[in-house]
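User: I would like to learn how to read individual features of a protein model, one at a time, with the general idea before the particular case. Could we begin with what it takes to call a residue buried?

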2 protein chains.
Amino acid sequence: MKRTSYIGELGQAQVGTTVTLQGWVNRRRDLGGLIFLELRDRSGTVQVQVEPDSAAFAAADTLRAEYVVEVEGRFQARPEGQRKGGLADFEVIASRVTVLNAARTPPFELEKGEQVAEDIRLKYRYLDLRRPEMQRQLMLRSKAVAAVTAFLDAEGFVQVETPMLTKSTPEGARDFLVPSRLNPGEFYALPQSPQLFKQLLMISGLDRYYQLARCFRDEDLRADRQPDFTQLDMEMSFVTQEDVLEVQERLMAHVFRVVLDTELPLPFPRLSYHEAMDRYGSDKPDLRFDLRFVDVTDLFRGGEFAAFAGAETVKVLAAPELTRKQIDELERVAKQNGAKGLAWVRREGDSFTGGISKFVGGQAAALLERSGVQPGGTLLFAAGDWKKAVTALGAVRLALRDLFNLAADGPQFHAAWVLDFPQLEWDEDSGTWTYMHHPFTAPHPEDIPLFGTDRQGEIRAQAYDLVLNGYEVGGGSIRIHDPAVQAQMFQAIGFSEAEAQEKFGFFLDALEYGTPPHGGIAWGFDRLVMVMAGAGSIREVIAFPKNNRGVDLMAQAPSPVEDAQLAEVGVVVRDQE
Amino acid sequence: MKRTSYIGELGQAQVGTTVTLQGWVNRRRDLGGLIFLELRDRSGTVQVQVEPDSAAFAAADTLRAEYVVEVEGRFQARPEGQRKGGLADFEVIASRVTVLNAARTPPFELEKGEQVAEDIRLKYRYLDLRRPEMQRQLMLRSKAVAAVTAFLDAEGFVQVETPMLTKSTPEGARDFLVPSRLNPGEFYALPQSPQLFKQLLMISGLDRYYQLARCFRDEDLRADRQPDFTQLDMEMSFVTQEDVLEVQERLMAHVFRVVLDTELPLPFPRLSYHEAMDRYGSDKPDLRFDLRFVDVTDLFRGGEFAAFAGAETVKVLAAPELTRKQIDELERVAKQNGAKGLAWVRREGDSFTGGISKFVGGQAAALLERSGVQPGGTLLFAAGDWKKAVTALGAVRLALRDLFNLAADGPQFHAAWVLDFPQLEWDEDSGTWTYMHHPFTAPHPEDIPLFGTDRQGEIRAQAYDLVLNGYEVGGGSIRIHDPAVQAQMFQAIGFSEAEAQEKFGFFLDALEYGTPPHGGIAWGFDRLVMVMAGAGSIREVIAFPKNNRGVDLMAQAPSPVEDAQLAEVGVVVRDQE
């Protein structure tokens with residue numbers, strides 16, 4: 001028999017018809033001689049009533065949770081008094097129940113899945129994925145894949161699969177290595193990103209490229225990382241930054257429209273890196289709420305309060321009324337993010353009390369006016385080196401968001417661009433300039449004359465990040481296509497020609513055979529889907545994730561392998577010391 | 001400046017307008033003081049004429065092959081006498097030429113790319129990919145990806161990415177191994193296929209799954225193999241074989257319609273495995289031409305010609321007139337494919353001459369009638385063990401196709417199903433029965449009673465191959481969901497319960513938690529695109545393929561890596577002996 005529809009497709013139109021449904025027994029209850037089944041498929045659940053004198057009863061009476069069944073019966077509306085809306089308003093009166101497969105008792109109750117230890121959920125992932133929430137998330141992800149593909153195909157982007165077995169490069173994160181049996185002693189690396197290959201495709205004249213690319217980085221797995229992840233990778237030729245941003249905004253809006261039936265207002269707001277840091281203390285600010293820093297450096301400069309008087313920057317954040325305990329917690333956040341402490345004052349009437357209030361008497365009127373702090377509200381200060389101060393206060397801003405649910409009043413989704421990242425970063429450790437994105441990122445043309453001067457740090461890159469609800473969901477740049485600029489860039493970061501050749505070899509050769517102006521972007525696809533789904537972790541939108549030891553608890557990977565297998569690929573396990 | 005359009009979009013409608021084009025200098029000719037450029041982008045080429053007194057001349061005069069340029073000018077029709085159709089009927093009279101980038105002289109002439117040694121093409125793949133033929137193939141592939149995605153999404157299939165770092169299993173081909181740094185002494189394996197994971201997704205209740213999946217097999221790279229390849233992987237729950245075939249036919253027809261504007265007639269013809277072998281000597285017969293074997297076993301059985309008299313099978317193929325040299329060549333093919341020789345006779349009038357003609361006198365009339373051989377035509381015989389005989393003659397059939405271009409008169413594409421494969425194969429080496437596809441393939445229900453009898457070899461699997469132009473482009477099966485049948489299957493192939501548990505561990509556990517009936521298929525996507533594109537090798541439809549040593553000649557992968565890198569992941573290179 002075929003099902004007549006998925007459960008979730010049933011509604012008023014099917015009332016009075018005979019339906020055939022297939023799915024899992026979500027729950028069974030026996031009441032007054034009747035059997036009530038909750039039947040579940042990926043689209044929903046519906047109640048099935050089996051009467052004691054029906055042909056369906058004998059089979060139904062064998063059922064337990066998670067048995068696979070086929071149910072035939074009359075679809076009807078439930079009595080008026082029992083309607084709650086949706087599928088709960090209907091039921092199936094079974095005329096036939098066929099057991100398609102039995103099931104052992106699951107190791108955890110699916111309905112309580114969210115409270116189950118993640119290790120158990122991951123070990124029995126095939127059961128965990130039966131939970132409606134997990135199915136919704138995977139289906140949302142799939143819809144996003146289809147939406148992206150349809151849009152980019154229509155816009156003339158060419159999907160190309162780049163190599164998975166590629167060359168290890170000393171740049172960037174640690175590579176996963178793959179020994180080559182046919183070339184003993186040699187190793188492939190799994191790709192950290194298709195960066196060089198997508199630029200090569202532009203050199204090939206393919207003009208527009210995209211790929212949902214699996215990428216691999218062998219890093220210590222903090223918090224919400226996976227050893228492999230998925231990137232929506234794109235590149236375009238003969239474009240300016242403006243062209244890339246324009247296509248990306250339309251793509252993002254298309255995905256939200258198709259997948260979530262949500263309109264994102266276009267164009268996206270733009271902030272420079274400096275603005276984002278200076279106002280929100282983050283290069284991926286959560287702009288669902290606008291709480292921003294107020295600069296009060298001038299109020300304190302050279303004044304009597306020593307801690308502020310000589311500070312490069314003094315910023316203040318106007319918080320609601322805070323308890324002493326909350327202030328302590330926020331101070332902890334500030335310290336974790338590089339601050340020495342968190343100065344504060346509380347507004348009472350038109351003056352301030354508590355905290356550092358005795359040092360701000362002279363500035364009270366100006367502080368009131370600039371910050372707009374409410375009566376009873378708290379002002380939180382960060383002072384010191386600009387980047388350190390704003391970064392710490394940025395973390396406090398997010399803690400306030402979580403404490404007072406500040407994002408709830410804003411739009412559900414807020415997308416923005418952060419632009420004009422610095423081309424070069426000063427690396428304290430090595431005492432040299434290094435690239436912020438990658439060494440092929442193009443600088444703003446008008447900043448090129450600053451290369452080699454003491455103002456190198458002011459060079460702005462043609463780099464852009466796409467920020468959604470406080471997450472960086474995309475990042476990219478216009479690339480250098482002019483060999484002269486490339487040489488300046490290498491010089492700035494202290495690469496000799498020989499060194500550059502050694503590190504980037506064939507790619508630098510390729511650049512000389514007729515490279516068009518080009519640029520692109522990559523979306524962190526797992527993270528984007530996580531934000532779209534409102535999930536708490538990327539593990540919730542990945543079907544079979546690893547835990548934070550890089551272990552697949554279900555398949556039990558990695559695992560020891562036979563010596564013969566290792567011998568074939570030409571390696572031996574290193575003795576533990 | 002933005003381009004006004006791709007070159008290939010230009011036509012009569014643009015005549016008289018000013019166009020801005022961007023691309024590469026395909027060729028430059030200087031004639032009568034004028035410069036003629038052939039400008040190329042991914043969509044086509046057009047002639048650009050630069051007049052000596054124009055503002056464009058100075059820049060144009062610096063151009064060489066493969067320079068990147070922007071050209072602005074008036075688009076016009078060429079003089080009547082010079083029209084050849086298509087873009088060659090038009091030209092651009094340049095008003096501005098801007099050099100966007102210079103290019104070194106390419107190491108080979110792109111227009112002669114097909115004659116260049118493949119090693120050179122692979123080393124400079126970014127230049128090889130500039131050839132219009134390569135771009136057409138990659139764009140065709142991309143269109144196929146988009147068509148597949150749109151169709152499957154609309155049909156309710158859920159795209160899911162399965163793990164790339166998974167567990168090594170002793171079954172099947174050799175694994176590529178990845179040492180785990182976080183778990184020293186342990187290894188991931190790159191997936192040979194998502195088979196178990198897609199079945200787990202059905203156990204999860206996801207109902208319909210698809211993925212364009214990269215798969216890895218570390219085999220010796222014969223002929224047209226790659227260490228990694230792409231599979232369009234699908235799985236469906238609550239389906240019969242008929243349901244799978246029906247969706248697959250509509251999917252294939254959709255892809256051909258969208259990508260090639262070609263209608264495939266539905267439904268696809270079906271052959272059983274036995275019919276395919278018996279008639280065409282192949283389980284993936286090329287049916288663009290119908291030349292089939294004629295069975296003449298009965299004519300010779302117990303007769304005077306000893307070589308045929310006791311043979312299990314005698315098959316004959318009616319070929320056109322063949323020279324002696326051609327017969328020798330075909331005999332070589334037959335021998336390479338397991339035959340001891342290739343018997344033949346030539347029709348002259350109503351009798352036969354040459355070859356084994358003195359042995360077929362008595363059967364001449366019957367041979368003439370059954371084979372329908374033309375006057376002057378040749379009959380080619382294969383005799384002996386059925387499978388060996390038909391296999392050898394099947395290879396001869398394909399050699400005849402190539403010799404006489406027999407496929408040319410048939411449809412450009414011929415898709416068919418081969419069904420009813422044997423569930424079990426006798427393994428001569430081990431002297432045991434083994435599975436033909438994989439051990440989870442479901443048998444025909446009516447054949448299940450044959451398990452454990454001496455007719456095990458007759459059990460038909462619910463397995464199906466999708467065959468296109470003589471290539472297997474897809475293969476799949478209905479899977480076993482009944483633990484009792486699974487146990488019978490393991491017993492048939494001599495697996496103890498402990499052995500099965502060791503080999504398939506967690507998957508067998510999962511099967512017991514409520515597995516729906518399910519089945520699926522995987523397409524060899526590279527091969528499908530190769531056939532669709534009319535390309536000679538899968539390397540022609542893969543952007544950056546490996547050579548037959550598994551080497552990426554452009555990126556120079558694999559390569560030696562630093563000892564420190566190896567130390568981190570806990571392995572050392574094995575000493576060469």
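Analyst: A residue counts as buried when its relative accessible area is under 20%, as exposed when that area is over 50%, and as partly exposed in between. The model here is predicted, and in it Ser142(B) has a relative accessible area of 3%, so Ser142(B) is buried.

User: Where is Ser142(B) placed, and which residues is Ser142(B) in contact with, leaving aside its neighbours within four places in sequence?

Analyst: Ser142(B) sits in helix α4 of chain B. With those sequence neighbours set aside, Ser142(B) is in contact with Asp153(A), Phe157(A), Val158(A), Gln159(A) and Tyr210(A).

User: How should I describe two packed helices?

Analyst: In the present case, helix α4 (residues 132–154) of chain A and helix α4 (residues 132–154) of chain B have axes that come within 9 Å and cross at roughly 140 degrees. Angles over 145 degrees would count as roughly antiparallel and those from 65 to 115 as roughly perpendicular, and α4(A) and α4(B) are therefore oblique to each other. The handedness of the crossing of α4(A) and α4(B) is left-handed.

User: Which residues make the contact of α4(A) and α4(B), and how do they divide into nonpolar, polar and charged?

Analyst: On the α4(A) side the contact is made by Lys143(A), Ala146(A), Thr149(A) and Asp153(A), and on the α4(B) side by Ser142(B), Lys143(B), Ala146(B), Thr149(B) and Asp153(B). By class, the residues of this contact of α4(A) with α4(B) comprise two nonpolar, three polar and four charged.

User: Let us turn to annotation. At which residues does UniProt place the feature "binding site"?

Analyst: Such a label comes from a record, and annotations may be inferred rather than shown by experiment. In an unreviewed entry, UniProt places "binding site" at Arg217(A), Asp218(A), Glu219(A), Gln226(A), Glu472(A), Gly524(A), Phe525(A), Asp526(A) and Arg527(A).

User: Where is Asp218(A) placed, and does Asp218(A) count as buried or exposed?

Analyst: Asp218(A) lies in the loop between β9 (208–216) and β10 (228–237) of chain A, and its relative accessibility of 3% means that Asp218(A) counts as buried. Not counting residues up to four places away in sequence, Asp218(A) touches Arg174(A), Asp175(A) and Phe176(A), and also Arg181(B) and Val569(B).

User: In which helix is Phe525(A) found, and which residues are in contact with Phe525(A), leaving aside its neighbours within four places in sequence?

Analyst: Phe525(A) belongs to helix α15 (residues 525–533) of chain A, and because its relative accessible area is 0%, Phe525(A) is buried. Beyond its sequence neighbours within four places, Phe525(A) is in contact with Arg141(A), Ala144(A), Val145(A), Val148(A), Leu212(A), Thr230(A), Gln231(A) and Leu232(A).

User: Which residue illustrates the partly exposed class?

Analyst: Thr391(A), with a relative accessible area of 30%, is partly exposed, and its place is in helix α12 (residues 386–404) of chain A. Not counting residues up to four places away in sequence, Thr391(A) touches Met277(A), Gly281(A) and Asn337(A).

User: What does the secondary structure of chain A come to?

Analyst: Chain A has 16 helices and 23 strands, and of its 577 residues, 59% count as buried.

Technical notes. Residues numbered from 1 in each chain as written. Chains lettered and ligands numbered in written order. Predicted model: local features only at pLDDT ≥ 70, side-chain atom pairs only at ≥ 80, totals over all residues. Heavy atoms only, no water. Axes fitted to C-alpha atoms, helices over the stretch in contact; angles between N-to-C directions. Helix = DSSP H or I, 4+ residues; strand = E, 2+ residues; numbered from the N terminus. Parallel < 35°, antiparallel > 145°, perpendicular 65-115°, else oblique. Left-handed = near helix turned anticlockwise from the far one by under 90°. Contact = heavy atoms within 4.5 Å. Nonpolar A, V, L, I, M, F, W, Y, C, P; charged D, E, K, R; others polar. Buried < 20%, exposed > 50% of the residue type's maximum accessible area, 1.4 Å probe, protein only.
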